[in-house]
Amino acid sequence: MYAAALWLYFVLLVGIIVVPGMDMFFVLANALTGGRQAGLAATAGIMLGGVCHTLFGTVFVVGLSNVVPVLSKAMLVVGSLYMAWIGVSLLRSTIEVHSVGTAARRPPATVFLQGLLTCILNPKAWLFVLAVFPQFMKPEYGPIGLQALVMGTMTVTVQLAVYGGLALAAGQSREALTGHPAATVLLGRGAGALLVAAAGFALWEALRAA
């Protein structure tokens, strides 16, 4: 069951990260204006932001739900409905990237800190953690700390692969996003389908445990 939960989390995580958003545009803007070094600095900052989100999910969401079991079930239902709403919204949306913003050339340390803040202050990331973590981090899977380490490692690895890859190939990445609108639409709707499927599974689990 734990392996299946991790696989589902991985698929869901990839589906969310590859959809163009604040973090992706920040990496691209810095890579296009400051080169690979700036793009990788932005990626590193966003990865540290991913670690912060993991810690938040572990301490405040999972810890609280373990103290109050009734709250855990309520969070599962609310989180499932939230994921379903996001998924349906993506399925109905038409995501097209027409341009990538630019930024003035800045020192790598500054770009790193801005990437960290961009990720931490991204409201969708916080909502994703609140909705998803209670469904994939459970006491029956083993020590919570170890689960957090595994999920956090998965998160930063996918961020590195996606955003780092964009930073290393900024020119080609920009063309792929702006020159193929149909592909970005399909990408967004595919992520929406993943969210709806995951939400249905999580809601079924929550209702069965009630």
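Predicted model: local features only at pLDDT ≥ 70, side-chain atom pairs only at ≥ 80, totals over all residues.
**Overall architecture**

The protein contains eight helices and zero strands, and its order along the sequence is α-α-α-α-α-α-α-α. Of its 210 residues, 46% count as buried. When contacts between residues at least 6 apart in sequence are considered, 87% of them join residues at least 24 apart. The accessible surface of the protein amounts to about 10,200 Å², and carbon and sulfur atoms account for 74% of that area.

**Packing of α1 against α6**

Two packed helices are described by the angle between their axes and the distance between the axes. For α1 and α6, the angle is about 30° and the axes are 10 Å apart. The crossing of α1 past α6 is right-handed. On the α1 side, the residues that meet α6 are Y2, L6, Y9, F10, L13, V14 and I17. Their counterparts in α6 are Q147, V150, M151, M154, T155, V158, Q159, V162 and Y163. By class, this contact has 13 nonpolar and three polar residues, with no charged residues.

**Aromatic pairs**

Across the whole structure, a search finds four aromatic pairs. Two of them, each with a partner in α1, are set out below.

| Pair | Geometry | Centre to centre | Between the planes |
|---|---|---|---|
| Y2 and Y141 | tilted | 5.1 Å | 40° |
| Y9 and F136 | tilted | 5.8 Å | 55° |

Y2 belongs to helix α1 (residues 2–17), whereas Y141 is in the loop between α5 (123–136) and α6, so this pair ties together parts that are 139 residues apart in sequence.

**Q159 in α6**

Q159 is located in helix α6 (residues 144–168). Its relative accessibility is 5%, and Q159 therefore counts as buried, the limit being under 20%. With neighbours within four places in sequence left aside, the residues in contact with Q159 are I17, T43, I46, M47, G50, C119 and G164.

**P108 in α4**

P108 is found in helix α4, which spans residues 108–120. The relative accessible area of P108 is 34%, so this residue is partly exposed. P108 and A38 are 70 residues apart in sequence, yet their C-alpha atoms are 5.6 Å apart in space. Leaving aside neighbours within four places in sequence, P108 is in contact with Q37 and A41.

Notes:
Residues numbered from 1 in each chain as written. Heavy atoms only, no water. Helix = DSSP H or I, 4+ residues; strand = E, 2+ residues; numbered from the N terminus. Buried < 20%, exposed > 50% of the residue type's maximum accessible area, 1.4 Å probe, protein only. Contact = heavy atoms within 4.5 Å. Phe/Tyr/Trp six-rings, centres within 6.5 Å; stacked < 30°, edge-to-face > 60°. Areas by Shrake-Rupley, 256 points an atom, 1.4 Å probe, with all protein chains shown as cover. Axes fitted to C-alpha atoms, helices over the stretch in contact; angles between N-to-C directions. Left-handed = near helix turned anticlockwise from the far one by under 90°. Nonpolar A, V, L, I, M, F, W, Y, C, P; charged D, E, K, R; others polar.
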